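Subject: Structure for your review

Dear colleague,

Please find below the structure I am handing over to you. My findings follow directly after it.

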Amino acid sequence: MDWIIWLIPAFPLLGFVLNALVVRQERQAGILASAMVGLSFATTIAAMATLEGTPAEARRLTWTLWEWISIDDFRVAFGLLFDPLTAVMALLVTGVGGLIHVYAIGYMHGDARPVRFFAYMNLFVFAMLMLVMADNLLLLFLGWEGVGLCSFLLIGHYFDRRTVQPGINPSDAAVKAFVVNRIGDAALLAALFAIFTNFGTLSFYPNPQLGLTGYLDQAIIVAGQSIDFGAFGQLPLMTAITLLMLVAVAGKSAQLPLYTWLPDAMAGPTPVSALIHAATMVTSGVYLIVRNAALFDQPASAAPWVLVIGVVTAFIGATAAVAQLDIKRVLAYSTISQLGFMVAAVGMGAYVAGMFHLLTHGLFKALLFLAAGSVIHGIGDQQDMRRMGGLRTTLPTTFRLYAIGALALGGIFPLAGFWSKDEIIAHAWFDARSPLAAIVLVLTSAITAFYMGRQTGMVFYGRPRDPALHPHESGPLMRWPMIILAAGAIPGGLINFPGLHWLNSYLRPVLQEPEVIYTLGMGVLATITTLLSAGTAYLGWKTYAHDLELRIRVGKDDPALRYLGDLWRGMEIGWGLDWLYQRAFVRPYRAAADFFSDAFDRQGIDGVLVGGAARSMNWLAGGLRAAQTGYVRTYALAFLLGVIMLVAYFTLR
Amino acid sequence: MLANYAFVGVFFVAAVIFPLIPIVAAYFLGPKRPTPTKLDTYECGLEAVGDIRVQFKVQYYLYALAFVIFDIEVVFLYPWAVAYGELGLFALIAMAVFLFSLVEALVYAWKKGALEWV
Amino acid sequence: MTEITIPPIDWRVATQLCIIFGWASVLLIIALFVPRSRIRVVGYLAIAGLVVAAGAGIPFWGGSAETFGGMLRLDTYSMMLNWLFLAAAAVVIAYSLNYLPKHGIEHGEYYVLVLFATAGMMLLAQGGDLIVLFLGLELLSLTLYVLTGFAYPRETSEESGMKYLLTGAFAGGFIVFGIALIYGATGSLNLAAIGDTLARAALAAEDRTYLYAGAALIVTGFGYKIAMAPFHMWAPDVYEGAPTPVAAFLSVGSKAAGFAALVRFLVEAMGSQWPVWAPALATLAIATLLLGNIGALIQNNVKRMLAYSSVGHAGYMLLGVLAAGAPGGMAGQRGVEAVLLYLLAYMLTNLGAFGVLIALEQRGELTWDINQFAGLWARRPLLASAMAICLLSLAGVPPTAGFWGKFYVFTAAWQAGFGWLTIIGILTAAIAAFYYVRIVVQMFTAEPSRETPAETDPALRAGLVIAIAGILVLGFMPAPAIDLVQRSVLATVGGQ
């Protein structure tokens, strides 16, 4: 029965193929795509039931279809793995994914290219499932590239619009996402080589079908080794591998310094933002670290760096979210910040806490995006929060659902976000003994509550600022997925409730993490955090729903700008990293391209040579002169220089 | 080793000097009594007309190429014919293949009209 | 008078060559008597000949033999390459069947010249002697000069033919000089004999100078063929001006043949001198990687971009060549395999990409600006998907053939101790993705700027289907191809 795990990715793949080749109707495409993800979800449940029957010390199902590549001792299986860690990820991907697919049937109604949209969505689910179910790093890499590709295609969905709100060109945003992600991909590939050359295998765990060994239980092999950089000193091998993985994580999970692509990725349709750029794909970096926990647990690993990157990203993302005026951009920066929380957690070695937050965040952030989509949809495709206001009365269901999501994200007791976020903070203070990280995270948490309060106040409270809007509530196809997600976001904390530790014990076969013993101190910390958050949330809400409400004007700056000035501007542009990259890379690239094409490549073929030769047979005046003043001379000169250098090297060596 | 190549250099120098000697000798030894007729360009006894830098018809080159190929063929045929007794059947076949490819080239050129004077 | 004995000839070694040579000669005459309106029959006959030649090689698979006093070899390495050449030639002819009449350049000689060029490539793969390698190189080059200028009287085609001729003659001269120097130093032209001489005893200092100078010149000559920097500058111009099927043939066949000969020369003859040539070749590989990929990065002309990208790909294959020479048996074999697998993947991919280009070029000339791909997905979804798959394969994204090619090359280079080179390779591959994706963006996410007519015909579709299927099969199940490549060994490497 182990083979049924292959059905999990097979259904979405089938959906993609059918949608790409056969289906022509919008309705059919949506139903087919949703049904396929639903079937995949059901299969995941079945596989989890099967998983329960395996012994705890080897709790995993594997099934290898064929030997993917075999070069002597380098053998890689085209095989899937299903263990508790994979199970929770697959559950998130297919569960939340399925709901978002249903929602998209309503949201994408009337779109210009709905069939293509659903085809890509199914392809994404397939690639994401390959990523989390791969039994080796190479197959994971395939999924890794695959989700990047689907993300690229879906960000560019509205390619026929020159700009989408707030002034992003979808094609540019897609390319940006792809290119930035490629940096991370290259790092992952390099890590893959380093792992193979040192462990001789890429499988995570021993593969019984092919008789392969796994590298995760052999992490000790490379403990003492290091790479020699000559004059630059030495780098322990484990540091190098984990550092490369960190770069990959920074690319995919939008961490410093590579997070700039995520806010622009909001150019895609809102269901895409919910599924790919909030709930699943961007969390694959966290999954990568958790899966390779055995490497990050080594003393020489780059785990401290992971912690630093995570904490700083969390803080910076949260501050940037405060000053955004676009409803989706607030959520995008919030996603960056929350991913920072997860990365910080796994950097501290609190893998279960990281996974916990990954799961709850997947629920409530998907909910928030869908609710935001419902707002956008309901007021005629407007995303500018300054045009909204007072929507509480006209969109009551959406408002309630949004409020649940906002409270969960803000970490207010007793919603899901409170439990998972607090577990990370508690871990930072008590177990990891890094009070600085804990304090920054508490602060970030407070800022998070503030910007969610601000957003709720701006969107749903106050007076309706744009008389041109005629809000209407969304249909049932969009409403029900949100209600189900909200029903998950409220008690979501239960999955790893203090004292119950369901997630902890479920993941124990993979992560072997001891249960956290709860102390009074933790309770106090949690109380302080949630009170602080509740306070800032109220502050944010009050400021934007009452105090400054009258000064929010369409097309004008945020009223807080006059109190914070340049600081606010900095937050508004995401601390200028984009600006910096534009100056440091994009402009020099354009300049260099112009220069080089001018200097070397003006017009290679221009008819000078032949035209000259044909016009005149005069040996001196015509043909040869054209050849001498043309480009062939340059080529021959370069050629000759090359030869001289080569011969000189060989003979004078 | 390098010394072995010395004779190439000597040969090269000799090859330049040898034709130069009669020309230089004629220049110094010969009496010079120029008349306009004597200074005229020699062209097979005919009167020279026009500039020497004229455009040749491209057919000249096609003819020349065909000629050179069959000229070279003879160079191969002579030694082959001399050693034929020793070489036997294999050499016959080899030469047949060689001749066939030449004939084929001729047929091609002929059919393409390369031998027609326009 | 001494008896002249003719050593027995092992005809197995020359079977494929003889078929191609003989058939090309016969076709040349046939083409003369086929009426102008039916000239595509010659193309079909040429494909038939290629298929027969490919089939004729099957019974000999597995062994290794040599004849003509070691001048001609048949080992699994050359057989594998021969099949690659034959397949590439067949696909190129299939592409040309409708391309030529549409552009008014349909002549029977075209197909014959492709066959002769194929024979030249096979000589380069099978040659066990420097003279034979030179012969193959010249046969290949001369036919390609003509093919490049085949779109007479289009000036761009003529010019590119002339540029190719001028620079090619330049390179050819260096090779001859190099061969002479090596003969002077070692007293032999046979690759295996040279290898033996060099491995057994140290040469006198003077001879060493000649040897290395000669080797440098020969590397230059073959480097020109594979478009290795700084001998690559002809490639963009020639690709741009040449008829598109010829550009495809140049980019796969000619490059593969150059690599075949380069590997044979460096491994068989110069294998023992690896510590000497490896640093130089590594430097050239870096230059090739950088110049090719940066050159492609700044291109708006798709044909030129593909040319620069082919320069970059030569850089990746050079990593394999470096590994191929590495001492210690296994690493060397790994390198040879890596080059072959990369060639296979690269051939499939480039043939596919150029096939799409040909489909776009069915009605007259294009400027090949990247805008002309705009919105292709909306109008020709299958063509656009095919192009996208090819571009992803060129970029080395899994699961495509190109990924395995890069992966194998990087593994081989890493194992041979070229860690930093591998890292440069990975980085340039990451950069390279950018310019490939630009075309994908144009095709999928841009509005159609204007009507670009695209047409396919059965032969072109067949070629495209073979290429795309090959890319995907190799991507998902590379095991058979890797198995084939692993059995393809240089006779001397296997025999040592």
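In this predicted model, chain A is divided into three parts: domain 1 covers 1–219 + 267–289, domain 2 covers 302–564 and domain 3 covers 605–653. Taken over C-alpha atoms, the centres of domain 2 and domain 3 of chain A are separated by 66 Å.

Chain A also contains a hairpin, formed by E1(A) and E2(A) with two residues between them. Strand E1 (residues 61–71) and strand E2 (residues 74–82) of chain A run antiparallel and are joined by nine bridges. One of the bridge pairs links A:Ile71 to A:Phe74 in E2(A). In the turn, A:Asp72 has a positive phi of about 50°.

Turning to the contact between chains A and C, 50 residues of chain A and 56 residues of chain C take part. On the side of chain A, the elements that give two or more residues include E1, helix H5 (137–155) and helix H24 (577–599).

Chain C itself has 20 helices and two strands. Its radius of gyration is 22 Å, close to the 23 Å that the globule rule gives for 496 residues, so chain C is as compact as a globular protein of that length. Along its principal axes, the C-alpha trace of chain C spans about 70 × 55 × 40 Å. Of the 496 residues in chain C, 67% are buried.

Yours sincerely

Key:
Residues are numbered from 1 along each chain as its sequence is written. Chains are lettered from A and ligands numbered from 1 in the order in which they are written. This is a predicted model: local features need pLDDT of at least 70, side-chain atom pairs count only at pLDDT 80 or more; totals for chains, interfaces and linings use all residues. Two strands pair if DSSP finds at least two bridges between them. Helices (H or I, at least four residues) and strands (E, at least two) are DSSP runs, numbered from the N terminus. Domain bounds come from an automatic or database domain assignment. Two residues are in contact if their C-beta atoms, placed from the backbone, lie within 7 Å. The radius of gyration is taken over C-alpha atoms; the globule rule is 2.2 Å times the number of residues to the power 0.38. A residue is buried if 20 or more other C-beta atoms lie within 10 Å of its own, exposed if 12 or fewer, and partly exposed in between; C-beta atoms are placed from the backbone.
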